[in-house]
Amino acid sequence: MEYKTIMCDVLVVGAGGAGCRAAIEAAKHNLDVIMISKELLGKAHTAMAEGGYNVSLGNVDPDDNPETHFKDTIVGGNYLNNQHLAEILVRDAPQRIFDLEDMGAVFDRTPEGKIAQRPFGKQSWRRTAYASDRTGSEIMVTLTEAIRKTSVRVFDEVFATKLLVTDGKIAGICAVDLKYGDYLIFRAKSVVMATGGAGRIYKVTSNAQLDVGDGYGMAYEAGCEMIDMEMVQFHPTGMVKPESAKGRLVTEAVRGEGGILLNSEGERFMKRYYPDVMELAGRDQVARSIMTEVLEGRGSPDGGAYLSIAHLPKRIVEFRLESMIEQFEDAGVDIREEPMQVSPTAHHFMGGLKIDENASTNIPGLFASGECTGGVHGGNRLGGNALADTQVFGALSGETAAKYAKENRHLGIDRDAAIKEFERLEAMLQRKDGVSPADARDELTALMWSKVQIFRKEEDMAEAVKELRRIEKEVVPQIKVDVPVKRFNPGWHQAMEFVHMVTTARMVAEAALMRKGNRGAHYRVDADPDETGYYNIVIRKGKDGEMELTKEDLVITKITPP
Amino acid sequence: MLFRIARSKDGETISHYDQYKVEVKEGMTVLDALFQIQDKMDPSLSFRYSCRGAVCGSCAMLIDKIPRLACKTQLSTLKRDDKKNEMNLEPFPALVEAPNGWSPSDEVLVEPLPNLPLLKDLVVDMCRFYETLEKLKLWIDIEKGTEYRNQSPEERKRIDRLVNCIMCALCYGSCPINAENEDYLGPAALAKSWRFFDDSRTPNPDRFLKDAKGESGAPLCELIMNCVRVCPKGVAPGGAIRKIKEAE
């Protein structure tokens, strides 16, 4: 088995908002930094974030401050957040947005020339900084420009498949160069995981095509602890039609700017559910309200609700929601004149790699940041906190990974484990009989969408767990690629991804089944009313290779749950 | 709907075209059609994609001889006599030379984006395009601050369209000058130069203008404006290049 070995000090896996920010920070320490990316540089899902970046600058509401941002984040997260992490988020968010400005990012302005801020759900003040409704794209473009200036070596279209651990510490990773089909080992003193979420394990999702949970799968297999995996955010407003655009995000900014939700009877139904905050209730709350309307027969013709901004001044819509106009134009709807049809779509993973205040995981040398981590957002993430998360924890993980790299040496690589990994990948290409990744994926995403969704119940989740265990045992070893070519072989990529999808889906389903009450995004129709649910579920791979789930106490610094 | 798709196993040149019959559903894009082909008919077909929503700019390709994003091109808009299909692009060989047997009235022709080396099927090597950004040093020379910088809404508005660029390279692939001169830095990089030059916060704007006026830059542009016509984000690079040419 031939492979190439590439050495560096700090390795960053993933090149979205968090990965780029981590690499930029690590490179400041005069170290050899490599960032690898599954897609071309700049094409990561961060670019799809629309609404904004939460930061308590107080530019429009002077009374805002980090304390209030913290409180909103914890209350919004249903008290499940790791409060140390949430404190870091609100503390560093201002400096990190100044960093972005220093790198050239262009945010919208107030009349006095300060960064403008708009209202988002469940926040006490207008706090969300934005660049029209393409904030993530602005940040992504800026970070790729800044990366080009640094000494960071970018390996794009390189797919990490396995973390290599030596004596319980991180030693490197196995990867495949998608361009040429070469097997690669990256050896590093420290590794930052910034691999994003896994919306793609659901049939209907706002996520980019490649967000399949690679990081969750790899980290779990390497013995990394995962937290809050049952907490999947369904964004209340995804596109309903056309079929090909189903699930595409309709930004919360539409409601932030004054958009209202109506049912088929023309009723503004949010007044029956959350009369105080109406459309700006928490994402989990709005998603359930829309689904209740649909299930009770008051949905739109294509199974959603109506979202209307036709009453707003056209000038505002055209300036602040320009991508939305464009996005619905393709669907034949002029949102300035007629309502959009929307329904919930799998959007964000609150859970993920468990990190501490140094962004380090339980594996020495392995750090993590961005959506692939858990703890910052608890049971429900506030709109606008994810972009802030990528910058705050991206920078933090880059810094701590650099420090670790300075204090530690390269470890030897477990060659047998690496070769075994490459043989596993090679076998997918050589296998004659088996299941194609496209079919396997369709089965998995349909299962998750129907059984582990917004309204959950015991028997559904139990069935999902049973099915996923079967898929893991029977389908995963049988994944085959029809064309045995290594260069740019999409079937092969999807086969590698599928394995990570199954592990991720299983963690979501197993944790969801364990949580008997309602909390945050986890909502059961058969909930145990006596369970307050003030705990986190932590998952790790046990010594016997089985998935272990344990309940752990919340990490509280300032706010005790009611 | 019939598709004729350029194939190349080893890159460099298109070796042949394969035909597929795609089952059309309402609202399908060319990218959806490519997924259907990959999933149901031919798993060997290679193309790039990521966001599906015209934000990441991964799926730039030549569709019915017009450079466009596959995810932003609705099948229902193809084969119609309208603005989207009649862009009046200044021709160069890749935009005109049709494969034998292609029937333009009922067959969708999908080919790799021109002006960049072909790696496989619809995947091109983007290095040359990205290198233009490095050559012009298109980044801010950071002055570390702990305060944000004021920028009036009017100053912000000056660069409003230019910051919408998603680096999809459609302009580069549509430019007749890029087609004949590999050294030409191309529309996207030059437009970005103007974006930095005209940004009120840039500490040293003149370097961006000077470099953009260099011999591989704006002087080579003949203001043909194919770039303006194909840009999916309304960036209008040609307008920025005109300003570079006129600026002192």
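This is a predicted model: local features need pLDDT of at least 70, side-chain atom pairs count only at pLDDT 80 or more; totals for chains, interfaces and linings use all residues.
Residues are numbered from 1 along each chain as its sequence is written, chains are lettered from A and ligands numbered from 1 in the order in which they are written, and side-chain values use heavy atoms, with hydrogens and water left out.

Start with chain A, which contains 15 helices and 21 strands. Helices (H or I, at least four residues) and strands (E, at least two) are DSSP runs, numbered from the N terminus. Chain A has a radius of gyration of 22 Å, close to the 24 Å that the globule rule gives for 562 residues, so it is as compact as a globular protein of that length. The radius of gyration is taken over C-alpha atoms, and the globule rule is 2.2 Å times the number of residues to the power 0.38. Along the principal axes, the C-alpha atoms of chain A fill a box of roughly 65 × 50 × 45 Å.

Chain A is divided into domain 1 (4-231 + 350-407), domain 2 (237-347) and domain 3 (423-528); such bounds come from an automatic or database domain assignment. The centres of domain 2 and domain 3 of chain A, taken over C-alpha atoms, are separated by 30 Å. Seven residues from domain 2 of chain A and six residues from domain 3 of chain A take part in their contact, where contact means heavy atoms within 4.5 Å.

Together, domain 2 and domain 3 of chain A bury about 540 Å², with 78% of it on carbon and sulfur atoms. Buried area is the accessible area (1.4 Å probe) that two parts lose on being put together, summed over both. On the side of domain 2 of chain A, the residues that lose the most area to domain 3 are Asp284(A), Arg288(A) and Pro344(A), together 65% of what that side buries. Across this interface the rule finds zero salt bridges, a salt bridge being a side-chain nitrogen of Lys or Arg within 4 Å of a carboxyl oxygen of Asp or Glu. There are also zero residue pairs in polar contact (both at pLDDT 80 or more) across the interface of domain 2 and domain 3 of chain A. A polar contact is a pair of N or O atoms within 3.5 Å; within protein, one must be able to donate a hydrogen and the other to accept it, and residues adjacent in sequence count only if both atoms are side-chain atoms.

On the side of domain 2 of chain A that touches domain 3, helix H8 (283-295) and strand S16 (340-349) of chain A each supply at least two residues. H8(A) gives the largest share of that side, five residues. By class, the side has four nonpolar, one polar and two charged residues. Here Ala, Val, Leu, Ile, Met, Phe, Trp, Tyr, Cys and Pro count as nonpolar, Asp, Glu, Lys and Arg as charged, and the others, Gly among them, as polar.

Now turn to chain B, whose domain assignment gives domain 1 (2-123) and domain 2 (126-246). Their centres, taken over C-alpha atoms, are 27 Å apart. In this chain, 22 residues of domain 1 are in contact with 21 residues of domain 2. The two domains of chain B bury about 1700 Å² between them, 66% of it on carbon and sulfur atoms. The count of salt bridges between them is zero, while six residue pairs are in polar contact (both at pLDDT 80 or more) across their interface.

The area buried between chain A and chain B is about 5400 Å², and carbon and sulfur atoms give 48% of it. Lys43(A), Asp102(A) and Arg148(A) supply 14% of the area that chain A buries against chain B, more than any other three residues.

Side chains of opposite charge can pair when their charged atoms come close. Between chain A and chain B the count is eight salt bridges. Glu101(A) and Arg201(B) meet through their side chains in a salt bridge (3.0 Å, N to O).
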